[in-house]
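Here are my notes on this one, written for someone opening it for the first time. Have the sequence and the model side by side as you go through the points.

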Amino acid sequence: MLDQITVTIDGVEIKTEPGKMILQAAMDAGIYIPYLCYYPGMKPYGACRMCVVEVENQRGTPASCTTPVADGMVVYTNTPQLVSLRREIMELLLSQHPHGCLTCHRIELCGPQDICLRHVSVNDRCVTCPKNERCELKDTARYLEMDMTTPLTYNYRSIPIENKDPFWDRDLNLCIVCGRCVRVCEEIRGDNALTFVERSGTSLIGTSRGTSVLQSGCEFCGACIDTCPTGALVEQDYKWEKAAETVDTICPHCPVGCQVKLEVNKRDKIIRSIGHLHGPANQGQLCFKGKFGMNFVNHKRRLRRPLIRRNGFLEEASWEEALDLIAQRLQAYKGDRFALIASPRGTNEDNYVAQKFSRAVMGTNNVDLSSNLRPELVVTLGEELGYQAGTNAIWEMEDSCCVMVVLSNVTEEHNVAAVPIKKAIKKGAKLIVIDPRETELTRFAHLWLRAQPGTETALIGAILRVIVDETLEGKEMVAQHAQNLDALKHTLWRFDPVKVEEVTGISQDRIKEAARLFAPGPSAILYALDTVAPDRRQEYVRALVNLALLTGNLGRPSTGLFPLIPGANGQGARDVGCSPHTLPGYERVNDDRARTRFQEAWGVPLPSTPGLGLKEVVDGIRDGRIQALQIVGDSPNFTNGELGDVLQGLRDLKFLVVQDAFRTGLAELADVVLPSATFAEKGGTYTNMERRVQLLRPALKPTREEKPDWWIFAQIAQRMGGRGFDYATCSQIMEEIATLVPIYAGICHHRLESGGLQWPVPGADHPGTPILYSQGFNGRKASFSPMTLEDAPKHIDPDYPLLLATGRLLHQPERDMEVISGDGLNMVKRDEVIEIHPEDARSLGIDEGDRVEVVSSKDSINGVARLSSPHKGLVSTTLLFGDMAARLEVNPDPDPMLKVPGLPMVPVRVERVSNPWQPS
Ligand code: SF4
């Protein structure tokens, strides 16, 4: 087959690849063919017929979006016959679509909207369309130079606008049934929340059972809105606003690193967020957080000026006063009485300067991230393989044959990373989910292995044992790049599937099936530590490394390990040294050679003792070791109980500085509060979970006195005599990082303009390619780790003897659900099903179908008992995703997407409700 073929379009000879459609080949060559149902990244559909062309020696007028190119093909896109045909098609469309916007005599002289509204008697003018001037139908009609004296009767559909569901409105009077929304929902997102429906003899868009989208399994990713060519589907917030400017930047909500187009109005407010089609980590996709969670930037409760505590009250002050005060007070706490908690939302530049300030000015390694609750997630990876980072690119998973997702709620926490997984499944890949919780991804799983909680490592060990027994190893990888296999094998004899079946509750057959599915590859592993006890985390990550290494699913495309780190820039923050144990580039603080290099660069002696991590800092505050603290940004971990009562501890500090965009509960305790710029007001870089360094661009002009965090640290440092903090721009900071940190060599803001670079950058001093370990393990061999078979951890709590595993689902069609509208908002009401083990149920006197209450120390939930839990001691239930979305929409927190609740395992007791008629 030829690599390149020649096609002539409108007399222009173009080179293109076989297999492409004519429309795509023309677009690539800069030749415009009008279209409405085609959308980049989706399969050809051929519904609207707007893209018809003529092809020499072919009959008729084929749709160019579904006709493949052929060598020597001659295509015409704009003959009089085609123009006439397209106009007829457009007339048909406009016979059911309001088109006052196209016939208005003021179209070129459009004045203020109120003049128009006063003078126009019909309700279909441009000012009543939320996509005014963003409408592809209008653009296409104008391109066709439509003569609007249409002979067809115009029928207004008179369908009520649906506006009660969270985040978006649907006006089916504006729908042209191009099917883009239905196709993106099914083909790209795998949700099937929307479908074609028939309404009064007309084909339209809706949900399969005529329910609200809350019930139909909508994940509120907004992909349907972004693909809709008209105003039929739109965001509720700022629905009528027009953009004055569009800025490309990065979503600040999770480490997938989706590129977004932020639309900004002329009053400097972010009005819309649209997935960037060329974003390498998201390919046009976003999730509910990136699509609908940007409004925090516009919030009226943003901090405007610095605040200083005077006579017990926080009062506004100038930057000079605040910075002078901090510099003067911090002098007294130099050394290990000071700690700095940085933010995973900070840029690499912010966090590099933060840790430099802590080490070079305050003389301590007490610096960590507020998201770093489970450092073993990546630290163990670094110890085993050399880098504390994921190995491959997210979208390579689209071509994986098997994906294993372990203890992670990907769809909520790293949403767009689930998109290539679902696409791979459509192509035939197998998904293995290891999790006691039922999450959204389990419905796609070929194997859902609900091991007894805490025995996941044993399960991985048994899979390894089967791989060895059946000689399914990746022999080349093992022979060339790994060592210590015998040490592992000597421990695997304990992981006999028969024995492991007893420990985990997973049958031998399923263990063997998992091994046979995963081993041949290419297979990828996504993992988190959501429900792993602290003393088992290291062993668990080692087991996963063993699995990837033994099967050769490392160092080649579509394989690898993806630790699901929290925070938008948790990866980058650690890369540049926001860690108590490592300097920028993961050089250990007690490595004399590395420390000397940084001492020479920064011009000061540096502390050599590892500092305190997040949890230890909180303990240090409680026992008085830490007396002064500087915290950047808010974090759910300050209030979700994971660190205990942090706020109470902070009251005992001698000096507390908080840098934040809002006056949070944390800020209320501070001696000085400094207004930080958000991601939308500053430049810099984020590094995503696939090591891709991407550029943030300021979308808004500063309207308050907020400053980027790197500037704040640099100002305090200079006031305290720190050298090397006189940065004029944040790009200078990246130049310093690239000089000092080998994995960032070759990276500068200028090079990132065109889309981002994965470290280590090819061509830089550091060897390697964007797939880690594709060139071997940097001159050393990776090492297998021996494993120990442990029983399930004992859960002993007389008050709460059972463990509740809560999952979250998009929908549950087999269950009765009802939508209730309270305060103008739709919520889903349904009977919860509480899964409980038959033995537990018997001992509690509970029968199938009894109404029961699950009680934890903080909460309770009421539902109907189903005696189907696979494990004694385990209780399960599922919350509905739509309910969470609805609650987020009305959450009074200025930044609710930062605090999307996780799904921990919670100790509970279950009680039979004495009155069976008590409603849930
Ligand atoms: Fe933002 Fe992550 Fe959602 Fe992408 S997946 S839009 S980066 S929160």
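1. Start with Glu145, which sits in the loop between α5 and β5. This is a predicted model, and in it the phi of Glu145 is near 50°, a positive value in a residue other than glycine. Most residues other than glycine have a negative phi. Is Glu145 buried or exposed? It counts as exposed, because its relative accessibility is 60% and the cut-off for exposed is over 50%.

2. Asn311 is another one to look at: it is not a glycine, yet its phi is positive, about 50°. You'll find Asn311 in the loop between β12 and β13. With a relative accessibility of 76%, Asn311 counts as exposed.

3. Next, the backbone at two prolines. Most peptide bonds are trans. The bond from Gly521 to Pro522, however, is cis, with omega near 0°, and Pro522 belongs to the loop between α19 and β20. The bond from Trp759 to Pro760 is cis too, with omega near -10°. Pro760 is in the loop between β29 (757-758) and β30 (782-783).

4. Trp759 turns up again among the aromatics: together with Tyr387, Tyr773 and Phe777 it makes up one aromatic cluster. Across the structure there are 15 aromatic pairs. In one of them, Phe167 and Phe292 are stacked, with 4.7 Å from centre to centre and 10° between the planes. Which parts of the chain does this pair tie together? Phe167 is in the loop between α5 (136-143) and β5 (168-170) while Phe292 is in helix α9, so the pair joins parts that are 125 residues apart in sequence.

5. Tyr527 and Tyr540 make an edge-to-face pair, 6.4 Å centre to centre and with 75° between the planes. Tyr527 is part of strand β20 (residues 523-527) and Tyr540 part of helix α20 (residues 537-550), so parts 13 residues apart in sequence are tied together here. Tyr527 and Tyr540 are buried.

6. On to charges. Side chains of opposite charge can pair when their charged atoms come close. How many salt bridges does a search of the whole structure find? The count is 62. One of them joins Lys20 and Asp28, whose closest N and O atoms are 2.4 Å apart. Lys20 is partly exposed at 21% relative accessibility, and Asp28 is partly exposed at 47%.

7. Another salt bridge runs between Glu316 and Arg305, with 3.8 Å between the closest N and O atoms. Glu316 is in strand β13 (residues 313-316) and Arg305 is in the loop between α9 (288-292) and β12 (307-310), so this pair ties together parts that are 11 residues apart in sequence. Glu316 counts as partly exposed, at 47% relative accessibility, and so does Arg305, at 28%.

8. Have a look at Asp840 and Lys872 as well, whose side chains meet in a salt bridge (3.9 Å, N to O). Asp840 is in helix α28 (residues 838-843) and Lys872 in the loop between β36 (860-866) and β37 (874-880), a link between distant parts of the chain, 32 residues apart. Asp840 is buried, at 6% relative accessible area, whereas Lys872 is partly exposed at 47%. Elsewhere, salt bridges with shared partners connect Arg189, Asp191, Glu219, Lys422, Glu440 and Arg443 in one network.

9. Now for a patch of negative charge on the surface, where Glu501, Glu502, Asp509 and Glu513 gather. Two helices, α18 (497-504) and α19 (508-518), each contribute at least two of the patch residues. Glu502 is placed in helix α18 and counts as exposed, at 62% relative accessibility.

10. Last one: helix α29 (residues 881-890). Why call α29 largely enclosed by the rest of the structure? Because seven of its 10 residues are buried. Those buried in α29 are Phe881, Gly882, Asp883, Met884, Ala885, Ala886 and Leu888.

Notes:
Residues numbered from 1 in each chain as written. Predicted model: local features only at pLDDT ≥ 70, side-chain atom pairs only at ≥ 80, totals over all residues. Heavy atoms only, no water. Patch = residues over 30% accessible without salt bridge, like charges linked within 9 Å, V, L, I, M, F, W, Y side chains within 5 Å. Areas by Shrake-Rupley, 256 points an atom, 1.4 Å probe, with all protein chains shown as cover. Salt bridge = Lys/Arg side-chain N within 4 Å of Asp/Glu carboxyl O. Lys, Arg positive; Asp, Glu negative; His and termini not counted. Charge placed at Lys NZ, Arg CZ, Asp CG, Glu CD. Helix = DSSP H or I, 4+ residues; strand = E, 2+ residues; numbered from the N terminus. Buried < 20%, exposed > 50% of the residue type's maximum accessible area, 1.4 Å probe, protein only. Phe/Tyr/Trp six-rings, centres within 6.5 Å; stacked < 30°, edge-to-face > 60°.
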